[in-house]
Amino acid sequence: MSDDEFNDYLFGQYVANKISRRKFMGTMAAAGATASVITGMTAKRASAATPKKGGRLVIGIEAAQAQDTLDPGKYFSTANIQMGYSVHDVLVNRDAELKAQPWLATSWESNADASSWVFDLRDDVEFHDGSKFGADDVIYAITRYTREDSEAPAKSFLSQITSMDKLSEHQVRFNLAASNADFPMVLSDTRVHMTKAGLEDFTGKPTGLGPFKVVEFTPGSRYVFERNDNYWGSDGPYVDEVEFIGIADNTSRINALIAGDINVLLQLDQKATRLIENSGSSYVINAPSGAFLNLAMMLDREPTNNPDFRLAIKHAIDREGIRDNILKGLGTVGNDHPISPIDPYYNADIPQRVYDPEKARFHIKKAGLENTPIDIYGSDVAGTGALAAAQHLQQSAKAAGIDLNVINPPADSFWSAVWIQKPMITSGWDPRPVPDLIFSIAFSKASGWNETLWKNDTFEKLLLEARGTLDFAKRKELYDEMQLMLHDDGGHATLGFRNFVDAAANEVQGITPHGSGPLGFYQAQRTAWIDS
């Protein structure tokens with residue numbers, strides 16, 4: 001029997017539940033299979049096996065916070081987005097190749113210059129309260145996100161919509177301020193969930209279109225959802241109930257998974273991947289992505305308003321060390337802008353900024369801050385590994401005469417008391433499928449989520465011009481220029497692009513790694529099932 005035939009045979013036994021996951025992995029390893037081959041085959045099992053209904057999914061998250069909400073216009077954290085996908089749904093989803101996938105919208109078509117788009121909607125979808133989904137709901141939801149008093153993070157890129165026309169009960173036309181060839185992907189953003197026309201109060205048990213109904217949603221405390229048996233989709237939901245449990249300490253969260261207190265873990269600490277794989281009770285879900293950890297240095301206050309201080313910090317970052325020691329190789333180095341090396345719009349012509357203590361010392365002296373204690377707030381709330389990355393920077397910066405004091409704030413107060421409050425913090429962002437989205441939400445002066453308070457009129461002009469440029473090569477030139485501006489002058493310092501790394505107990509199947517977000521692009525609760 002050849003190696004391939006043996007692998008196929010063993011995989012068939014595993015899928016048929018004739019051998020355990022632990023025995024499958026051990027036998028494969030003993031036969032000489034690499035870790036990547038074994039991981040790929042265990043991931044493949046999710047699609048090869050037959051889903052079963054029933055059971056309970058308990059998802060461990062980094063923190064239960066008072067800011068948690070089921071209003072898509074106010075999602076803060078990764079965990080909050082994950083919960084939102086339980087209750088709500090989107091017009092456009094993303095497939096495994098990160099391309100626009102019809103969802104609540106079945107199709108779309110633009111005019112000649114892509115300044116107007118017509119979307120056809122599903123006609124078989126109901127809200128949890130039994131009311132029909134249609135064009136009025138789409139128009140109302142988008143209007144909520146873009147109206148004058150809205151603080152929705154999606155407002156910065158949805159504001160390109162100048163008007164919407166109801167063409168029929170299940171057809172909507174979006175009229176844009178300028179051409180946008182990527183507009184369908186704009187509607188796939190994690191904060192553009194469709195909600196019921198007239199719905200403003202999302203406390204208690206708000207109705208939604210998603211795979212689960214609310215049983216209890218108490219911000220900062222308890223989150224429980226039950227299966228929506230009237231869900232329109234064909235790939236779930238399968239489990240009877242989902243509960244999200246906040247466990248702020250990384251070690252405690254990992255121990256809870258191994259002990260069986262939870263059976264899914266959102267955002268696994270990369271350092272624990274070997275522990276999980278060796279546990280025999282759980283496995284790692286790993287997806288390369290454009291998600292990143294970063295330092296956000298605010299441009300309106302001391303000391304981060306000093307360009308030399310920012311350059312000193314950027315030269316003091318040991319990016320390869322963070323990739324290898326903090327991300328455990330599950331990621332890539334960045335270059336002080338948000339576009340990853342795997343993105344077709346990545347500007348490869350910008351020289352890679354490397355760890356250079358002498359340059360860092362030159363700039364910190366020029367800033368007049370050599371050996372001056374400076375606070376940096378590090379927290380894993382915005383991305384697992386961010387605290388360790390801050391501590392790694394603290395050590396690498398010492399060689400340049402930069403004295404950083406790492407403060408780890410309480411997890412449940414990070415968004416309210418630290419983010420866009422303190423001059424220098426660790427942050428983290430999920431990838432966006434096109435540069436327009438991350439530039440609009442994180443760097444446009446019109447965005448309430450502009451965490452560095454970057455305000456540059458030329459950048460804003462290029463943002464609008466690129467959005468309306470249909471030619472890829474020309475659009476890339478514009479995005480290249482914007483990346484260079486942020487690299488040279490911005491308050492954003494990329495600590496590293498990180499893979500999405502989560503974990504699940506062996507009995508949990510159906511979670512497929514996805515480059516757009518953790519736990520299958522936030523939709524694991526719909527696709528997961530319990531193999532008892």
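Predicted model: local features only at pLDDT ≥ 70, side-chain atom pairs only at ≥ 80, totals over all residues.
**Entry 1: cavities**

The largest cavity has a volume of about 190 Å³, and the second largest cavity comes to about 60 Å³.

For the largest cavity I looked up the lining, which is made by 21 residues; those that lie nearest its centre are Phe 76, Arg 191, Gly 428, Trp 429 and Asp 430. When I sorted the lining by element, α4 (78-87) and β19 (424-429) each turned out to supply at least two residues, and β19 gives the largest share, with three residues. By residue class I noted ten nonpolar, six polar and five charged residues in this lining.

I then turned to the second largest cavity, where the lining includes Tyr 85, Ser 86, His 88 and Asp 89, and where Trp 103, Pro 211 and Tyr 231 are also among the lining residues. Tyr 522, Gln 523, Gln 525 and Arg 526 belong to the lining of this cavity as well. The elements that contribute two or more residues here are α4 and α19 (524-527), and I wrote down that α4 also supplies at least two residues to the lining of the largest cavity. The classes in the lining of the second largest cavity are five nonpolar, four polar and two charged.

**Entry 2: the sheet**

Next I traced an open sheet of seven strands, which has mixed pairing and runs in the order β10-β11-β12-β1-β13-β21-β14. Its edge strands are β10 (212-218) and β14 (282-287), each of which pairs on one side only.

Within this sheet I followed the pairing of β1 (residues 56-61) with β12 (residues 241-246), and found that the two strands run parallel and are joined by six bridges. As one point of reference along this pair, I recorded that Val 58 has Glu 243 in β12 as its bridge partner.

**Entry 3: Asn 335**

Is Asn 335 buried or exposed? I placed Asn 335 in the loop between β16 (331-332) and α12 (357-366), and because its relative accessibility is 1%, Asn 335 counts as buried.

I then asked which backbone atoms its side chain meets: the side chain of Asn 335 reaches the backbone oxygen of Pro 351 at 3.1 Å, and a polar atom of that side chain lies 2.8 Å from the backbone nitrogen of Arg 353. Leaving out residues up to four places away in sequence, I listed Tyr 346, Ile 350, Pro 351, Gln 352, Arg 353, His 487 and Thr 494 as the residues that Asn 335 touches.

Notes. Residues numbered from 1 in each chain as written. Heavy atoms only, no water. 1 Å grid on protein atoms, 1.4 Å probe; cavity = no way out; pocket = protein on both sides within 12 Å on 5 of 7 lines; lining within 4 Å. Points joined across faces, edges and corners; volume = space filled by probe spheres on them. Helix = DSSP H or I, 4+ residues; strand = E, 2+ residues; numbered from the N terminus. Nonpolar A, V, L, I, M, F, W, Y, C, P; charged D, E, K, R; others polar. Pairing = 2+ DSSP bridges. Buried < 20%, exposed > 50% of the residue type's maximum accessible area, 1.4 Å probe, protein only. Polar contact = N/O pair within 3.5 Å; in protein donor to acceptor, adjacent residues only side chain to side chain. Contact = heavy atoms within 4.5 Å.
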